[in-house]
Amino acid sequence: MADLAEAPGALDGVRVVELAQWVFVPVAGALLADWGADVIRIERLEGDPYRGLATQGIGTDSGGVNLSVALANRGKRSIALDLRREQGRALLDELLATADVFLTNFRPGALSRLGLDADTLRQRFPRLVYARGHGYGARGPDADLPGYDSSAFFARGGMAHVLTPPERDYPISQRGAMGDRNGAMALAFGVAAALLRRERTGSGSVVDVSLLATAMWTLSSDVLSALSGSEPRAMPGRTGGPNPLVGTYRTKDGRHIQLVFLEADRYWADFCQLVGRADLAADPRFADLRTRGANRDACVAALDAEFASRTFEEWKDLLSGINAPWAPVQAVEELLTDPQVLANDYLGEVHVEDGSTYRLPTVPVQFDERPPPLRRAPEHGEHTEEILLELGRTWEQIGELNEAKVIP
């Protein structure tokens with residue numbers, strides 16, 4: 001088997017020109033780079049504002065590698081251009097002439113002013129896959145509004161509403177970039193499909209993904225309830241549904257175990273035998289799904305007492321003996337040593353030229369049971385001269401571009 005670093009990427013030979021900032025669309029570019037694409041990131045002379053964001057101790061407030069930027073831009077090359085100047089805009093056109101994909105999250109108005117709208121570029125480059133990420137979609141009255149994941153995905157998309165307990169006065173806050181990274185997966189999937197379609201038809205496509213649509217897809221069950229004319233129901237409490245074997249139970253040391261015995265009658269007898277409670281299996285109140293539902297409170301109370309008799313580790317060891325769906329409720333920190341995470345390489349290591357390393361989550365998609373090798377994110381404008389040389393510029397011409405403030 002070929003060495004991981006030498007194995008061909010699924011998108012080797014594909015060139016992506018990315019004109020984007022912050023998280024959503026840049027993460028899509030990083031995923032395409034993971035799969036082998038040559039992603040050329042266009043940054044303005046002052047750099048992507050995301051480079052300056054302090055967040056959760058993993059941005060500029062990290063005191064070391066800016067892991068937020070590293071995750072969103074790994075494996076790319078960066079060129080800094082002033083697109084407001086004619087020479088900078090002409091250089092972008094030269095890059096687009098070599099590109100298979102144009103990836104952007106600039107708003108429609110800005111793209112039109114730069115002559116980078118879909119109609120213009122598709123007319124000039126009919127094989128180009130034009131992929132864009134939006135807050136609210138490509139059409140409609142709010143198509144040109146700015147949208148971040150906490151606004152377009154979490155707030156307007158219904159996520160905050162359905163996830164906030166009714167007793168709270170204010171909606172809960174989301175975790176960092178939840179909508180951005182989910183939308184990025186959808187956008188990378190759309191680009192891959194458009195490239196396949198181009199191979200079959202010879203023509204490029206326009207690919208659109210919005211954070212609003214991503215939220216609706218994520219909340220499909222609630223959207224289906226609304227479509228059927230019923231108000232989406234609040235999710236029951238830890239064991240609030242009719243099946244007591246779907247719920248969370250507290251252990252002796254204050255941790256929790258999640259049971260997901262959707263086929264409860266299939267697992268009930270084996271579970272009772274496993275925990276040494278044949279009396280529960282024999283109790284007519286708990287004989288089947290119907291009777292356990294009718295006597296839900298009593299069944300939950302019995303399970304509460306049983307779970308409270310053993311520690312978290314004891315329960316994990318005991319439940320490993322049953323072929324049924326359950327899981328420990330883990331902290332994020334515990335994922336770093338979870339044997340399944342390690343066995344499947346869900347965390348990867350980036351090796352930097354100076355010998356240092358840092359770890360990042362790998363893309364969820366693997367080819368041939370392997371994650372792609374991780375490469376570091378570029379510094380702002382790091383590859384400007386390299387890319388200009390590839391476009392045929394001489395060092396003298398590059399110096400002139402610098403003096404004209406087209407490049408840094």
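Residues are classed by relative accessible area as buried (under 20%), exposed (over 50%) or partly exposed in between, computed with a 1.4 Å probe on protein chains only. The structure is a predicted model, in which local features need pLDDT of at least 70 and side-chain atom pairs count only at pLDDT 80 or more, while totals for chains, interfaces and linings use all residues. Residues are numbered from 1 along each chain as its sequence is written, and side-chain values use heavy atoms, with hydrogens and water left out.

Y148 lies in the loop between β5 and α6 (149–155); helices (H or I, at least four residues) and strands (E, at least two) are DSSP runs, numbered from the N terminus. Y148 counts as partly exposed because its relative accessibility is 42%. Contact is defined as heavy atoms within 4.5 Å, and Y148 touches W22, F153 and L211 when residues up to four places away in sequence are not counted. Y148 and W22 are 126 residues apart in sequence, yet their C-alpha atoms are 9.0 Å apart in space.

Strand β5 (residues 129–134) is mostly covered, with six of its six residues buried. In a regular strand the side chains alternate between the two faces of the sheet. In β5, V129, A131 and G133 point one way, whereas Y130, R132 and H134 point the other way. Strands are taken to pair if DSSP finds at least two bridges between them. Strand β4 (residues 101–104) runs parallel to β5 and is joined to it by four bridges, with F102 partnered by Y130. Five bridges link β5 to strand β6 (residues 206–210), again in parallel, and A131 stands opposite V207 of β6.

A131 is also among the contacts of L103, which include V16, L32 and L187, neighbours within four places in sequence being left aside. A nonpolar core is a set of buried Ala, Val, Leu, Ile, Met, Phe, Trp, Tyr and Cys residues joined through side-chain atoms within 4.5 Å. The largest such core has 42 residues, of which V16, L32, L103 and L187 touch the most other members. Helix α1 (residues 24–34) supplies the largest share of this core, seven residues. A second, separate core of 27 residues includes L81, L91, L96 and I398.

An open sheet is formed by three antiparallel strands in the order β7-β8-β9. Its edge strands, β7 (246–250) and β9 (326–328), each pair on one side only. Neighbouring strands are turned by 15° against each other on average, direction ignored; axes are lines fitted to C-alpha atoms, for helices over the stretch in contact, and angles run from 0 to 180 degrees between N-to-C directions. Helix α14 (residues 296–307) packs on this sheet, touching β7 and β8, and makes about 40° with the direction of β7. Helix α15 (residues 312–319) lies across β8 and β9, at about 30° to β8. Three bridges join β8 (residues 256–260) to β9, and L259 has W326 as its bridge partner.

With a disulfide defined as a pair of cysteine sulfur atoms within 2.5 Å, the count comes to zero. For C272, the nearest cysteine sulfur is that of C299, 7.9 Å away. C272 is buried, at a relative accessible area of 1%, and C299 is likewise buried, at 1%.
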